[in-house]
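Here is my note on the model you sent. Please read it with the structure open beside you.

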Amino acid sequence: MRVRRRLLVANWKMTRTPAAAAALARALVAMARPAEVDLAIAPSFPALDRVGAALSGTGIALAAQDVYVEKEGAFTGEVSASMLKDAGVALVLVGHSERRLLRGEREPDFARKMERLTEEGLAPLYCVGETRAERDAGRTADVLRNQLAALDGFSAPPPGLTFAYEPVWAIGTGLAATPRMVGDVHALLRAGIAVRFGPSIAASTRILYGGSVSPGNAPGLFAEAEVDGGLVGGASLVAKDVAALLAAAAAPTTGAARA
Ligand code: PEP
């Protein structure tokens, strides 16, 4: 039996109105799901309420795409951890590359976000990953080490902390990393977690892969023992693709598909 349950997180980004998101959530609820894989859905903030209602009592978790660094106050347009908690959110993305790129957010911001989430008992899904130029320059390990520094202020991991390794060059491009690349980086990340928090926490921490995961490449990616599931954008917007990804995540790891 696997030590870590697999998890698929659907990141719907800024793509669906609340009505359309609720309809898609109902379609996912209606389909058969393998019992051995966890599923979470991260719609836009305005859709949280309606998607949360559709997911209620189904075992599918409600996730959010971001949280603000402050607890509360005069921060027009921002959303706090306590608001997300009240909306029924369990898991929150932190450090997605689109926020790094478009909003200039950096590790000190992610540290504060994870602090806010921890105060409210919400689990962070911390996204890390290198750009194409960083990989080509052989800097992937350095980049990940710097990104892990967002956890410097934590003597114990934020409860529920999960990682998503998302190479920036693979997100939304159709160019997924190979199973071998992903397995190698996940092992590197797990070693970094072990140095920080000890081997037993490292062994039980889930590390997802994200970046152009599709029904075609998921069986190979999920065959890697180091891959504990996926953070999925595009393919998570199509119910039959989500069903295929869940089936791939439920299959036993073989390592045989390494390429
Ligand atoms: C993402 O949004 O985190 C992502 C990995 O997107 P996609 O699956 O579309 O590459």
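Predicted model: local features only at pLDDT ≥ 70, side-chain atom pairs only at ≥ 80, totals over all residues.

1. **Overall fold.** The protein chain holds 11 helices and 8 strands. Its radius of gyration is 17 Å, close to the 18 Å that the globule rule gives for 259 residues, so the chain is as compact as a globular protein of that length. Along the principal axes, the C-alpha atoms fill a box of roughly 45 × 40 × 35 Å.

2. **Packing and surface.** How much of the chain is buried? Of the 259 residues, 50% count as buried. Take the contacts in the chain with a separation of 6 or more: 73% of them join residues 24 or more positions apart.

3. **The ligand shell.** Which residues are closest to the ligand? They are K13, H96, E166, G172 and S212, out of 14 residues that surround it. By class, the shell has 4 nonpolar, 8 polar and 2 charged residues.

4. **Polar atoms at the ligand.** A polar side-chain atom of K13 lies 2.7 Å from an oxygen atom of the ligand. For H96, an N or O atom of the side chain is 2.8 Å from a ligand oxygen. S212 uses its backbone: a polar atom there is 2.8 Å from an oxygen atom of the ligand. On its own, the ligand has 290 Å² of accessible area, and the protein covers 94% of it.

5. **K13.** K13 counts as partly exposed because its relative accessibility is 22%, and the cut-off for buried is under 20%. Check the backbone as well. K13 has a positive phi of about 45°, although it is not a glycine.

6. **N11, beside K13.** N11 lies in strand β1, residues 6–11. Its side chain reaches the backbone nitrogen of K13 at 3.1 Å. Is N11 buried or exposed? With a relative accessible area of 5%, N11 is buried. Leaving out residues up to four places away in sequence, N11 touches A42, Q65, L93, H96, L231, V232, G233 and S236. H96, one of these, also has a side-chain N or O atom 2.8 Å from a ligand oxygen.

7. **S212.** Where does S212 sit? Its place is in the loop between β7 (207–210) and α10 (218–222). S212 is buried because its relative accessible area is 19%, and buried means under 20%. S212 also has a positive phi, about 55°, although it is not a glycine.

8. **E107.** E107 lies in helix α5, which covers residues 107–120. At a relative accessible area of 16%, this residue is buried. What does its side chain meet? It makes a polar contact with the side chain of R100 at 2.7 Å. Not counting residues up to four places away in sequence, E107 touches R100, Y126, N146, Q147 and A150.

9. **D109.** D109 also has its place in helix α5. D109 counts as partly exposed, with 25% relative accessibility. Its contacts, leaving aside neighbours within four places in sequence, are V69 and G104. V69 is 40 residues away along the chain, yet the C-alpha atoms of D109 and V69 are separated by 6.5 Å.

10. **T178.** T178 is in the loop between β6 (162–165) and α8 (179–197). Its relative accessible area is 28%, so T178 is partly exposed. T178 and L221 are 43 residues apart in sequence. In space, their C-alpha atoms are 7.2 Å apart.

11. **Where to look again.** Return to the ligand site with the backbone in view. K13 and S212 are both among the residues closest to the ligand. The positive phi is about 45° at K13 and about 55° at S212.

Methods:
Residues numbered from 1 in each chain as written. Heavy atoms only, no water. Helix = DSSP H or I, 4+ residues; strand = E, 2+ residues; numbered from the N terminus. Buried < 20%, exposed > 50% of the residue type's maximum accessible area, 1.4 Å probe, protein only. Polar contact = N/O pair within 3.5 Å; in protein donor to acceptor, adjacent residues only side chain to side chain. Contact = heavy atoms within 4.5 Å. Near = heavy atom within 4 Å. Areas by Shrake-Rupley, 256 points an atom, 1.4 Å probe, with all protein chains shown as cover. Nonpolar A, V, L, I, M, F, W, Y, C, P; charged D, E, K, R; others polar. Rg over C-alpha atoms; globule rule 2.2 N^0.38 Å.
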